[in-house]
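Here is a friendly walk through a two-chain protein model. Have the viewer ready and follow along from the inside of one chain to its contact with the other.

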Amino acid sequence: MTATPGDRTNTNQGEASEAERWASLIGGGAMVLMGLRQGSLRGALTALAGGGLIYQGVTKQSTIQQAQEAIGMNKPIKVEKTVTINRPVDELYRFWHNFENLPTFMKHLKSVKVYNETRSHWIANAPLGNSVEWDADILEDRENQFISWASVANADVDNSGFVRFQKAPGDRGTEVKVVLEYNPPGGQLGAAIAKLFGEEPEQQIGDDLRRFKMLMEAGEIATTEGQPSGRQ
Amino acid sequence: MTNDYGLINMKAVCWHGANDVRVETVPDPKILNPRDAIIKITSTAICGSDLHIYGDYIPTVQQGDIIGHEFMGEVVEVGRGVHNLKIGDRVVVPSTIGCGHCNYCQRDMWSLCDNSNPKGWMEEKLYGNITSAIYGYSHLLGGYAGAQAEYVRVPFADVGVLKVPRDIPDEMLLFISDAIPTGYMGAEFCDIQPGDTVAVWGCGAVGQFAMISAYMMGAERVIAIDRFPERLEMARKFAKAETINYEEVDAGEALKEMTGGRGPDACIDAVGLEAHGVGLEDFYDQTKQKLKLETDRPHVLRQMMVAARKGGTLSIMGVYGGFVDKMPFGAAINKALTFRMGQMHGQKYMHLLIQLVLDGKLDPSFVVTHKLPLEQAAHGYHIFQQKKDNCIKVVLKP
Ligand SMILES: [Zn+2]
Ligand SMILES: [Zn+2]
């Protein structure tokens with residue numbers, strides 16, 4: 001950190017007003033993306049859920065960041081990916097809204113159990129035969145538009161994400177954007193699950209979204225696993 | 001049929017490296033998804049683009065992969081999601097795999113299907129987008145087991161698969177799977193106007209069907225370019241084309257002379273990435289390709305760009321895999337050429353094409369020069385690649 005306190009104040013003011021400008025232009029999604037650029041999706045999502053507390057949202061993340069720096073952790077892993085699906089917005093929103101459907105196309109997830117309106121329990125396959133679990137809460141839920149969620153305190157993997165559904169131009173269906181972020185914890189477990197989404201998290205999420213698209217459009221997920229070859 | 005296909009062994013053509021295919025015993029295919037069907041293959045052809053795999057010019061083909069994408073046969077098993085096919089149906093299957101429900105399939109652009117390639121990330125990295133899978137045509141294009149085998153699994157069998165009558169021989173129907181729609185689409189891309197001259201590079205099966213289609217669409221003259229006398233003879237005899245042997249005369253000069261100095265109105269590339277040229281330019285491409293400095297030899301593309309008339313159309317149906325080099329792009333821009341290209345949308349054309357066959361307006365069986373048992377696939381590849389024994393098209397009989 002080389003910036004003087006004065007510099008930082010200026011920067012923050014600049015970013016806040018930038019965020020507000022974006023927010024007024026295109027709504028929550030942009031604020032979330034601004035939050036992402038700041039370093040914490042959770043901060044931005046929390047701000048959003050809290051009723052447009054943009055500035056606090058953006059600054060709030062610094063506590064997470066400070067905590068991370070204090071225990072010498074890696075940077076959070078962030079991925080975002082968008083896919084266009086040839087189905088109506090409400091159908092996709094409904095399918096996603098039941099988090100128990102997510103493991104059918106998200107390869108790293110073993111299962112999701114929905115407890116109630118907001119809380120769910122997630123179990124993910126971690127490398128080396130490990131699995132990790134956490135509870136998550138829905139932070140914001142706007143019908144046919146946007147769902148955001150975050151793990152509750154003391155989760156194995158502190159993580160958060162959102163999905164945004166937007167009608168595509170013409171009759172091309174729906175643009176589905178997913179943003180995920182997770183903070184691998186320290187220690188041995190941390191090393192094992194640092195690669196929760198594989199070597200290339202962007203590709204993993206891309207594959208997940210492609211499977212979601214296949215499932216919603218074609219009704220099944222294309223596969224070649226189990227077919228013959230001269231290798232057996 | 002109540003076979004448990006996993007327990008039965010079939011014969012299949014497996015790729016093992018450059019110029020090395022072997023007929024091996026492998027497990028039978030199984031239904032893996034609800035919309036799958038299993039087809040017992042009665043006829044399967046070696047396509048010119050299979051030679052690109054055979055010669056190891058297509059990236060991501062793996063040792064042991066079953067190859068082949070032009071085929072027909074009989075339904076022996078259907079998944080629970082397939083309601084329009086039943087066991088015993090005789091079918092022709094298009095070589096490109098389309099889901100039928102994505103934006104592209106619904107707009108009849110089946111070879112651009114979003115959903116049939118399970119290994120799309122690879123292609124997305126190389127091409128920027130994902131296109132449809134093709135049977136037995138590398139892992140980049142899906143990694144599906146190919147059809148030069150006794151049985152093949154057909155995904156999304158409830159769409160695209162064409163049911164055909166029993167009383168017509170295989171050789172009249174087989175090429176509706178791949179070569180005829182490829183040639184037909186190549187001609188359609190030319191937007192042929194009355195009086196047009198269409199030049200077709202390559203007198204293999206796709207080239208022959210492109211010439212026939214060009215006449216059907218109203219071309220006044222069709223000129224065929226190749227270097228093998230027997231292929232040129234076939235173009236003259238069956239496709240009624242005038243011919244140029246580019247090893248005897250300069251094809252570009254000859255085309256200009258034959259078209260009153262204008263150049264052909266449309267040019268169709270039915271050759272692709274293994275084009276042969278003459279002289280220094282061919283040496284350049286052969287060398288760069290061997291050194292892996294370019295993946296494709298674009299000789300035909302270059303020649304078409306220079307040969308076409310101003311404002312003309314280039315229709316590219318030959319397969320290219322990656323990178324081409326030294327393109328005379330100045331000719332293309334200054335002459336205002338139109339480029340159209342793509343893998344064929346078989347599902348779009350099959351119904352029309354079968355009708356032409358049933359009405360007696362098209363008999364595609366003339367392209368078959370060799371019928372071999374599946375066991376002799378290696379021999380078939382060899383003579384097709386080397387153009388031995390006047391080989392133009394090999395049909396394998398499992
Ligand atoms: Zn082919
Ligand atoms: Zn499709």
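## A buried glutamate and its surroundings

B:Glu70 has a relative accessible area of 0%, so it counts as buried, being under the 20% cut-off. Please keep in mind as you read that this is a predicted model. B:Glu70 belongs to strand 4 of chain B, which covers residues 70–78. Its side chain has a polar partner: the side chain of B:Lys393 is in polar contact with that of B:Glu70 at 2.7 Å. Leaving aside residues up to four places away in sequence, B:Glu70 also touches, among others, B:Ser43, B:Thr44, B:Ala45, B:Cys47, B:Leu174 and B:Phe175. B:Ser177, B:Asp178 and B:Ala179 are also among the residues that B:Glu70 touches.

Another residue to look at is B:Ala241, found in the loop that links helix 7 (229–237) and strand 12 (242–245) of chain B. B:Ala241 is buried because its relative accessibility, 7%, is under 20%. With residues up to four places away in sequence left out, the neighbours that B:Ala241 touches include B:Met211, B:Tyr215, B:Val222 and B:Ala224. From B:Ala241 to B:Asp269 the C-alpha distance is 15 Å, with 28 residues of separation in sequence.

For B:Tyr127 the relative accessible area is 38%, which means that this residue is partly exposed, as the value falls between 20% and 50%. B:Tyr127 sits in helix 3 of chain B, residues 120–127. Together with B:Leu126 and B:Phe323, B:Tyr127 makes a nonpolar surface patch of about 310 Å².

The three accessibility values can be set side by side:

| Residue | Relative accessible area | Class |
|---|---|---|
| B:Glu70 | 0% | buried |
| B:Ala241 | 7% | buried |
| B:Tyr127 | 38% | partly exposed |

## Where the chains meet

How many residues of chain B are in contact with chain A? There are 42 of them, and they meet 24 residues of chain A. The two chains bury about 2,500 Å² between them, with 47% of that area on carbon and sulfur atoms. On the chain B side, the residues losing the most area to chain A are B:Asn103, B:Asn115 and B:Trp121, which together account for 20% of what that side buries.

Polar links are part of the picture too. Between the chains there are 16 residue pairs in polar contact, both at pLDDT 80 or more, and four salt bridges. A salt bridge joins the side chains of A:Lys213 and B:Asp114, at 2.9 Å from N to O. The elements of chain B that give two or more residues to the side touching chain A are strand 1 (9–17), strand 2 (20–27), helix 2 (103–106) and helix 3. Helix 3 of chain B gives the largest share, four residues.

Notes: Residues are numbered from 1 along each chain as its sequence is written. Chains are lettered from A and ligands numbered from 1 in the order in which they are written. This is a predicted model: local features need pLDDT of at least 70, side-chain atom pairs count only at pLDDT 80 or more; totals for chains, interfaces and linings use all residues. Side-chain values use heavy atoms; hydrogens and water are left out. Patches are made of residues with over 30% relative accessible area and no salt bridge: like charges are joined within 9 Å, nonpolar side chains (Val, Leu, Ile, Met, Phe, Trp, Tyr) within 5 Å. Accessible areas come from the Shrake-Rupley method with a 1.4 Å probe; for residues, only the protein chains shown count as cover. Buried means under 20% relative accessible area, exposed over 50%, partly exposed in between (1.4 Å probe, protein chains only). Contact means heavy atoms within 4.5 Å. Buried area is the accessible area (1.4 Å probe) that two parts lose on being put together, summed over both. A polar contact is a pair of N or O atoms within 3.5 Å; within protein, one must be able to donate a hydrogen and the other to accept it, and residues adjacent in sequence count only if both atoms are side-chain atoms.
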